[in-house]
Amino acid sequence: MFHSRPVRSSSATSSAGITMGSDPYTHHQDRKTHMMRKAFTCMFLFLLGYAACLFVGPWWENRNMLESSGDPKSQSQSQTPPVVLPSIARDEDFYRFPSKCALPLPESSILSTVFKLFDNKSPYANFPPEHLRPYLLHNEIHGWGSTNPVFEKVIRLANPRIIIEVGTFLGNSALHMANVTRRLGLENTIILCMDDFRGWPGFAGYNQGMFRSVIDINGDVILMQQFMQNVVDAGEEERIIPMPFATGAGLDKLCLTGIYADLIEVDAGHSFHSAWEDINRAWKLLKPGGVMFGHDYFNGSEEYGVRRAVDKFAKEHNLRVEPNGEHWIFFPNT
Ligand SMILES: C[S@@+](CC[C@H](N)C(=O)[O-])C[C@H]1O[C@@H](n2cnc3c(N)ncnc32)[C@H](O)[C@@H]1O
Ligand SMILES: *[C@@H]1O[C@H](CO)[C@@H](O)[C@H](O)[C@H]1NC(C)=O
Ligand SMILES: *[C@@H]1O[C@H](CO)[C@@H](O)[C@H](O)[C@H]1NC(C)=O
């Protein structure tokens, strides 16, 4: 112990940077501390590793689960629920025509309500305008089976006070229905004539044949004006009212306004899709006990599009289709 000091001190002095001393006693002491340090370091590293495992393990596991399941719900437990946007139409979308129709308007306010679409006056006010007068012919009426006995049959069935015609053209069928209702004592029956009055692409401007009256002025056919002239010539402008709209928007407007009919004729577009939409939208406007009918049940255009739409609708609404000449009529399936 005595002589150990100088050694130790010498060792201390000499150990400036190299040795920790060679004295057996101090060496023993150092060894012990060294071992303890080592043990502590090991234990520390072990605990550190353990803690790391506690945190990293679940995260890793979770991550692998997400990658393999691909379930978007498990991605994050954020407070706001994820917004699910519809991307592809569902089957029931093809059967939904969603406007909720308004309560029925009283009959006495139907005309004034319709006139709101025309600056609050009859579209016949000051008709025809000067600039069109030279172009309009008189009683220029053409149609397709437009005076067929089926019209009298359905008018007798429905006893209509309001008629909606979907597809009017020059007004042949509308004027015939005006005649029949008048003859049957229904002279106040209103006939709303829905048509975009565009006919179909390229039908006008021939200045000859069946549609010679309907000329094209600066790219706009004067079909609606010639129809109106025909109505004025027949003196029926109090009750035959043009509804110059595409059928989708126009029928929807009637639904939202609460205008319903006892009799509805469907004779606009002849493709499956246009007939299907027209029938579905118009059906919502039929009063209880009302009658719906249409033209071209046997028309081959668009692969019998009208007939396919009529039959499909009848099947889904438990109706019976009665073919009548070129026309079809819906009856309840009893
Ligand atoms: C066959 S004609 C109607 C004939 C009339 N019912 C008759 O018997 O005298 C068909 C009419 O439907 C109209 N039309 C066709 N598709 C239409 C649509 N999507 N919207 C509005 N009118 C349409 C055309 O402008 C055309 O005047
Ligand atoms: C309606 O009746 C009148 C008078 O009888 C007749 O001149 C006219 O041609 C009829 N209109 C139609 C479209 O049948
Ligand atoms: C279908 O009806 C339209 C309009 O009513 C007519 O022009 C066409 O000739 C008809 N086509 C057939 C194949 O009957």
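This is a predicted model: local features need pLDDT of at least 70, side-chain atom pairs count only at pLDDT 80 or more; totals for chains, interfaces and linings use all residues.

Visitor: What makes Asp-278 buried or exposed?

Guide: A residue counts as buried once 20 or more other C-beta atoms lie within 10 Å of its own. Asp-278 has 24 such atoms, so Asp-278 is buried. You'll find Asp-278 in helix H8.

Visitor: Which residues is Asp-278 in contact with, leaving aside its neighbours within four places in sequence?

Guide: Those are Val-166, Thr-247, Val-266, Ala-268 and Gly-269. As for Ala-309, its C-alpha is 9.6 Å from that of Asp-278, while the two are 31 residues apart in sequence.

Visitor: And Asn-318, is that one buried or exposed?

Guide: The cut-off for exposed is 12 or fewer. Asn-318 has 9 other C-beta atoms within 10 Å, so Asn-318 is exposed. The residue is in the loop between H9 and strand S8 (319-324).

Visitor: What is phi for Glu-302, and what is phi for Asn-318?

Guide: For Glu-302, phi is near 55 degrees, a positive value in a residue other than glycine. Asn-318 also has a positive phi, near 55 degrees, and is likewise not a glycine. As background, most residues other than glycine have a negative phi, and most peptide bonds are trans.

Visitor: Speaking of peptide bonds, is the one from Phe-127 to Pro-128 cis or trans?

Guide: That bond is cis, with omega near -5 degrees. Pro-128 is in the loop between helix H3 (110-115) and helix H4 (150-158).

Visitor: On to the helices. How do you know whether H8 and H9 are roughly parallel or oblique to each other?

Guide: Helix H8 (residues 272-283) and helix H9 (residues 301-316) pack at about 30 degrees, with axes 7 Å apart. Angles under 35 degrees count as roughly parallel, so H8 and H9 are roughly parallel to each other. H8 passes H9 in a right-handed crossing.

Visitor: Which residues meet there, between H8 and H9?

Guide: From H8 come Phe-272, Ala-275, Trp-276, Ile-279 and Asn-280, and on the H9 side they meet residues including Glu-302, Val-306 and Phe-313. By class, this contact of H8 with H9 has eight nonpolar, two polar and two charged residues.

Visitor: What makes H7 and H8 roughly parallel?

Guide: The axes of helix H7 (residues 247-257) and H8 cross at roughly 5 degrees and come within 9 Å. That angle is under 35 degrees, so the pair counts as roughly parallel. Thr-247, Gly-248, Leu-251 and Asp-252 of H7 make the contact with Glu-277, Asp-278, Arg-281 and Ala-282 of H8. The classes in this contact of H7 with H8 are two nonpolar, two polar and four charged.

Visitor: Which residues of H4 and H5 meet?

Guide: Phe-151, Glu-152 and Ile-155 of H4 meet Ser-173, His-176, Met-177, Val-180 and Thr-181 of H5. The contact of H4 with H5 has four nonpolar, three polar and one charged residues.

Visitor: Now the ligands. How many residues surround ligand 1?

Guide: There are 19, and the closest are Gly-143, Ser-146, Gly-167, Asn-172 and Ser-173. The shell divides into five nonpolar, ten polar and four charged.

Visitor: What is around ligand 2?

Guide: Ile-141, Thr-147, Asn-172, Leu-175, His-176 and Asn-179 are. Two of the shell residues around ligand 2 are nonpolar, four are polar and none is charged.

Visitor: And which residues are around ligand 3?

Guide: Trp-144, Asp-296, Asn-299, Gly-300 and Ser-301. The shell around ligand 3 has one nonpolar, three polar and one charged.

Conventions: Residues are numbered from 1 along each chain as its sequence is written. Chains are lettered from A and ligands numbered from 1 in the order in which they are written. A residue is near a molecule or strand if its C-beta atom, placed from the backbone, lies within 6 Å of it. Ala, Val, Leu, Ile, Met, Phe, Trp, Tyr, Cys and Pro count as nonpolar, Asp, Glu, Lys and Arg as charged, and the others, Gly among them, as polar. Axes are lines fitted to C-alpha atoms, for helices over the stretch in contact, and angles run from 0 to 180 degrees between N-to-C directions. Helices (H or I, at least four residues) and strands (E, at least two) are DSSP runs, numbered from the N terminus. Angles under 35 degrees count as roughly parallel, over 145 as roughly antiparallel, 65 to 115 as roughly perpendicular and the rest as oblique. A crossing is left-handed if the near helix is turned anticlockwise from the far one by less than a right angle, and right-handed if clockwise. Two residues are in contact if their C-beta atoms, placed from the backbone, lie within 7 Å.
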